[in-house]
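Please take a moment with the sequence and the structure below before reading on.

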Amino acid sequence: MTYAPLIGVAVVVAGFAWKRNPVLVVVLAGIASGLAAGKAPGELLAMLGKGFVANRSLMLFAVTFPVIGVLERAGLRERARAWIAGFARLTLARLLIVYLAARQIVSALGLTHIAGQPQTVRPLLAPMSEATAARANGALSAGERDRVRALAAATDNIGLFFGEDIFLAFGAVLLIKGFYDTQGLAIDPTRISRWAIPTALAAFVIHAARIAWFARRRRDRSGGGPC
Amino acid sequence: MLTLSHVYVALGAVFFAAAIFNLRERRWAAAGFWAILGLAFVTGDAILAADKAGEAWPAQAMGLGVIALAVLAALSARARARRPPAAEPEAVIAGRERSAARLGNWLFVPALAIPGGMIAIVLVAPALAWRGQPVIEPSQLALIALGVAAVIALIAALALTRSRPMHGLAEARRLLDTIGWAVILPMMLATLGAVFKDTHVGDAIARLVGAVIPTDNRAACIVAYGVGMIVFTIIMGNAFAAFPVMTAGIGLPLLVGVHHADPAALGAIGMLTGYCGTLVTPMAANFNIVPVLLLELDSEYSVIRQQWPTAVVLAVFNVILMIAVL
């Protein structure tokens with residue numbers, strides 16, 4: 001075994017530094033590592049092709065695109081904004097913290113695909129967040145609007161990441177167990193998922209505090225009412 | 001029996017439709033990109049089956065397709081930078097407002113039919129059988145349920161909005177072109193992970209890290225493990241690729257072997273420390289770049305900017321937790 005295949009890691013870092021298209025960089029990195037390890041071109045091509053189609057499940061989120069697209073054209077985002085504005089006491093912080101908790105709990109039950117950036121954040125959570133933020137402080141500037149939308153996206157990611165590992169049959173728990181199996185260590189998967197709970201709770205507390213802080217800073221800046 | 005293959009073929013058809021729409025508008029790079037991706041989804045199972053049977057050429061042809069996808073991704077990104085999509089006309093926006101006012105909360109029904117349908121299918125499917133066979137393949141139930149629920153929701157949405165099925169494809173294409181190349185980055189990174197595994201990149205990294213840390217200091221090993229998980233996750237765009245490398249390199253030989261750590265706790269907290277890396281890397285495109293495009297944000301780093309403080313505090317928490325309990 002040699003250090004030569006590490007060239008692939010160097011290619012990723014260099015591509016990153018020079019801001020090249022990541023897809024192109026990643027494929028070049030694979031080719032570089034393969035050639036450095038002495039793989040024949042035919043073998044390397046087969047490796048790329050097989051690896052790509054074996055991971056198709058990573059793109060399944062796109063099955064929701066036709067229905068989300070049709071609903072958006074019919075005004076789903078506009079309706080989400082108007083509907084949430086009807087709840088007089090709902091603030092940006094409350095909306096996002098409740099969403100964070102719900103996303104973590106539902107992911108912990110194994111339903112990770114139930115929400116996500118294309119299916120819930122873009123059509124529902126982002127417009128609702130904007131509506132609650134605008135109600136508290138008046139119209140949002142473009143920069144503020146972007147920050148509110150980005151916080152909604154971040155809240156979905158964090159809820160997903162730190163909920164899913166509690167679910168037994170989730171990929172991460174199975175991957176950890178499978179890895180230990182290959183190393184000759186038999187581990188009870190329920191113990192793995194139980195050890196994900198402290199971090200899940202910490203993630204909720206940290207991010208909920210940051211959401212509250214974000215909302216408060218906006219209120220202080222604009223000098224408006226409760227946010 | 002309904003399997004994941006059916007869902008893949010349906011999704012492949014959506015990609016082919018996106019290719020045809022782009023072809024008609026003479027956007028060659030985008031058309032080629034979606035056509036190859038559609039082909040990968042439709043023929044994927046045949047490729048894997050042929051590979052298992054010892055026939056290498058279909059996988060090799062797909063390998064060429066992967067390289068072509070990468071080139072087309074770069075080209076279509078450049079074409080789009082030169083020819084940015086036009087702003088929406090006022091009439092379209094006004095039309096959406098009118099439609100939203102007319103349909104009201106009914107608009108939420110098809111949107112909620114995706115999660116609702118998914119839960120119903122996951123709960124009911126184990127009881128469904130036809131001629132002694134389960135109707136839905138049990139091992140992939142959640143993913144197949146997502147596909148079926150999406151189809152049901154689409155039918156409901158088309159009926160509600162009185163749209164034709166062609167509108168569904170046109171709208172899917174609009175969303176796909178909004179995301180563009182970022183849509184395949186996760187698959188490409190998983191492919192790179194497979195290549196790295198076959199070429200033993202992980203072993204080399206683990207040996208390098210093992211050579212530079214003071215192995216008799218327990219806390220130093222834990223910090224090295226946590227930082228290693230984060231850094232490698234940032235490079236690979238996901239913690240699943242980093243976990244076997246760091247755990248085989250540092251976790252098992254040093255923390256479990258020398259310092260008697262509990263492997264279950266090590267695995268769980270180590271993986272979640274890697275997730276903190278996922279929150280800060282643009283390589284995790286489906287989480288950090290796709291929303292930037294979907295929400296039409298200003299900077300590539302907009303979402304990461306909202307995530308990094310949570311990621312840093314949580315990573316510190318995780319390392320302290322590991323030092324306390326391992």
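In which loop of chain B does B:Arg131 lie? It lies in the loop between strand 1 (129-130) and strand 2 (133-134) of chain B, where helices (H or I, at least four residues) and strands (E, at least two) are DSSP runs numbered from the N terminus. This is a predicted model, in which local features need pLDDT of at least 70, side-chain atom pairs count only at pLDDT 80 or more, and totals for chains, interfaces and linings use all residues. Residues are numbered from 1 along each chain as its sequence is written, while chains are lettered from A and ligands numbered from 1 in the order in which they are written.

Although B:Arg131 is not a glycine, its phi is positive, at about 50 degrees, and the residue is exposed, with 6 other C-beta atoms within 10 Å. Here a residue is buried with 20 or more other C-beta atoms within 10 Å of its own, exposed with 12 or fewer, and partly exposed in between, the C-beta atoms being placed from the backbone.

The contact between the chains takes 96 residues from chain A and 116 residues from chain B, two residues being in contact if their C-beta atoms, placed from the backbone, lie within 7 Å. On the side of chain A that touches chain B, helix 3 (residues 41-54) of chain A gives the most, with 11 residues.

Leaving aside its neighbours within four places in sequence, B:Ile184 is in contact with A:Val23, B:Leu37, B:Leu69 and B:Ala73.
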